[in-house]
Amino acid sequence: LSAMLAAKLPIPPGFIVAAQAFEEFIAFNRLQEKIEQIITQSNAKSPSELAKSSKAIHRLIVHGEFPQELVSQILPMYLKIGEGRVFLSPSVHLSDSNSPLVGTIDHSFFGYDGEA
């Protein structure tokens, strides 16, 4: 988004949630160990197995609950830009990650809407 903004391209209204918020979400839901287990049991050379692992991790994340502190920070921003569907995407630099899953499978979440 920052590159698009710098190029003066039109971008929809939005906001950025820091990676720390995601880390808090993972900790609150006690997902780190579950995610690591899925990754270590996955064969990084098998596209179908990576897809299966990615879906399992996706399910864990989507069914997690947000800590109230994050809700109180994120919800006002969501309401400020107007309700509607949102696109969530991690900002991952491949060079910063040792995970075999990063960069191999689409990690984006499309079409979520509403306060929940």
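Me: What makes Leu1, Met4, Leu5, Leu9 and Ile11 a nonpolar patch on the surface?

Reply: In this predicted model, these five residues together have about 460 Å² of accessible area, a value that comes from the Shrake-Rupley method with a 1.4 Å probe, where for residues only the protein chains shown count as cover.

Me: Why is Met4 called partly exposed?

Reply: Met4 has a relative accessible area of 33%; buried means under 20%, exposed over 50% and partly exposed in between (1.4 Å probe, protein chains only), so Met4 is partly exposed. Met4 lies in helix H1, residues 2-6, and a helix here is a DSSP run (H or I) of at least four residues, numbered from the N terminus.

Me: What makes the set with Phe25 and Ile35 a nonpolar core?

Reply: The largest nonpolar core has ten residues, including Phe25, Ile35 and Leu70, and the name applies because such a core is a set of buried Ala, Val, Leu, Ile, Met, Phe, Trp, Tyr and Cys residues joined through side-chain atoms within 4.5 Å. Helices H2 (19-28), H3 (32-41) and H4 (47-62) each supply at least two residues of this core.

Me: How do you know which residues Ile35 is in contact with, leaving aside its neighbours within four places in sequence?

Reply: Contact means heavy atoms within 4.5 Å, and Ile35 is in contact with Ile26, Ile57 and Leu60 when those neighbours are left aside.

Residues are numbered from 1 along each chain as its sequence is written, and side-chain values use heavy atoms, leaving out hydrogens and water. Local features need pLDDT of at least 70 and side-chain atom pairs count only at pLDDT 80 or more, whereas totals for chains, interfaces and linings use all residues.

Methods:
Patches are made of residues with over 30% relative accessible area and no salt bridge: like charges are joined within 9 Å, nonpolar side chains (Val, Leu, Ile, Met, Phe, Trp, Tyr) within 5 Å. A salt bridge is a side-chain nitrogen of Lys or Arg within 4 Å of a carboxyl oxygen of Asp or Glu.
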